[in-house]
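Welcome! Here is a short briefing to read alongside the sequence and the 3D view.

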Amino acid sequence: MLAGMSTTQTVLAKLSHIGLNFGERVILHDVSLEVYSESVLTLIGPNGAGKSTVLKILLGLQAPERGTVWRMPGLRVGYVPQKFHLDRLLPLTVARFIGLNLPRHNAAAVRDSAVEVGVEDLLPQAVQSLSGGELQRVLLARALLNKPQLLVLDEPGQGVDVTGLSDLYQLINRLKLVHGYGVLMVSHDLHLVMAATDQVLCLNQHICCSGQPEAVSRHPEYLRLFGDLRPAGLAVYTHHHDHQHDMHGCIVPLPADKQEAKHG
Amino acid sequence: MDDFIIRALLAGLAVVLMSGLLGVFLLWRRMAYFGDTLSHSALLGVALGLVTGMSLNLWVIAVCVVVALLMLYVQHNPALGSDTLLSIIGHSALALGTVALTFLPNVRVDLMAYLFGDILAVTHSDIVLTWSLALVVVGVMVWIWRPLLSLSVHAELAQVEGVKVWRISAAYMLLIALMVAVAMKVVGVLLLTALLIIPAATARRLARTPEQMALFAVVVGVCALLAGMGLSLQLDTPTGPSIVVSASILFLLMQLLPQRGA
């Protein structure tokens, strides 16, 4: 349903008609998506919309009840999970953490990855001493270590201050050009990721709407739609006030006459 | 030195070697309850061994392995409410074992020896078994160290990066089951978890890396073993609890030091 991508891009992973229930409660209903190389797909939606679940199903961490999951054979994946907490009783430096899954410790590779995301000064520190923003970058450095073809980021902006947020998304996008990875991301910071997102998929148990916003810089006429998406600042609203539950349905209700890029 | 003291020391050393290596992961993964459930279940193995007249060690190992697998299943099905269920399994096995022991005709069972250990009654075959298992534990732990550490840090991240989380978890739990079966002689089923937890927690203060922490946990375990046995021989106190008291004192002393690393 998200057809129309440039044909030079490779499909890295694909979900088809995914369904999942927890008892009576519908978690996901008929969710289909494709992730392409060198392309950013951002999942947005209210809390409890099943965004993280979609990522976990795509990663093979959770099995769907219906539908199929396809990943390119031999696909290298980098993952930044939504929740990360390291027990204080586990002494672990940032350097060790980044290289934890290397079969042999490779200080040079760890340093390269840390330099890429700008955390090389943190390498000797304990993981538990990191601030929220530092932790997200360190998680990103670990995800990049394996030279991933697909980056799966679950709210990479959490705990990052406003100025840092913009830097972080720019970094993810800049490194995309270097590594050529595809990105599947859950984000609440829509106003920030919009310019760097190739597709947006709005999820609320099912896919409410999906679109392919062009990069703002290259297509000035798209600024209009970007402007229209400003109310998607509502997504930031749920982020900062996530104890409020008065929001229902899709948080990016594109008016029908402005859905230039909408498919399906 | 008397022969029985040397035997006790040999068995004790093998046990603290195992408990140090295994205990740190129990701490990091917040699985102390797991140690309790397993060690409590061991008493059911003792009862079954006495009832059937077969090898106690084998029965204890069998029961611990079955319980470990059961717990692994429970852990991967959170809907079952793991803490509660594990507590029920462990205490039921402990109670059932105790009740079963009292019904045995013609067998005089020293229940205290199983509950609090009887390291001074260790036999030569116990030593052979304990050291054999200790070598297995050390070997497997070295083998699975990296993936086990990785999944202890973050299981999903490890799985995405290719760690066979289920298999490594199962291997680790089986090692604890084996350790419980032989450590029962040293500190008994009630205090066994203390031997896994206290040396590891004591070592945290000194360690900068996970490996250092495991190594220091073994060292602390050896110190507690020696101090506890010394205490026991001097004051005629029960040996198992004396070892645990020594470990606790070491833990308290260590809290006076500033924390290194993290």
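This is a predicted model: local features need pLDDT of at least 70, side-chain atom pairs count only at pLDDT 80 or more; totals for chains, interfaces and linings use all residues.

Residues are numbered from 1 along each chain as its sequence is written, and chains are lettered from A and ligands numbered from 1 in the order in which they are written.

**Overall build**
- Chain A has eight helices and nine strands; these are DSSP runs numbered from the N terminus, with helices (H or I) of at least four residues and strands (E) of at least two.

**Strand β7 of chain A**
- Because five of the five residues of β7(A) (residues 182-186) are buried, the strand is largely enclosed by the rest of the structure.
- G182(A), L184(A) and V186(A) point one way, and V183(A) and M185(A) the other.

**Neighbours of β7(A)**
- Strand β3(A) (residues 40-44) runs parallel to β7(A), joined by four bridges; strands pair if DSSP finds at least two bridges between them.
- T42(A) has M185(A) as its bridge partner in β7(A).
- Strand β6(A) (residues 150-154) is also parallel to β7(A), with five bridges.
- L150(A) has G182(A) as its bridge partner in β7(A).

**Where the chains meet**
- The contact takes 20 residues from chain A and 23 residues from chain B, with residues in contact if their C-beta atoms, placed from the backbone, lie within 7 Å.

Conventions. Two residues are in contact if their C-beta atoms, placed from the backbone, lie within 7 Å. A residue is buried if 20 or more other C-beta atoms lie within 10 Å of its own, exposed if 12 or fewer, and partly exposed in between; C-beta atoms are placed from the backbone.
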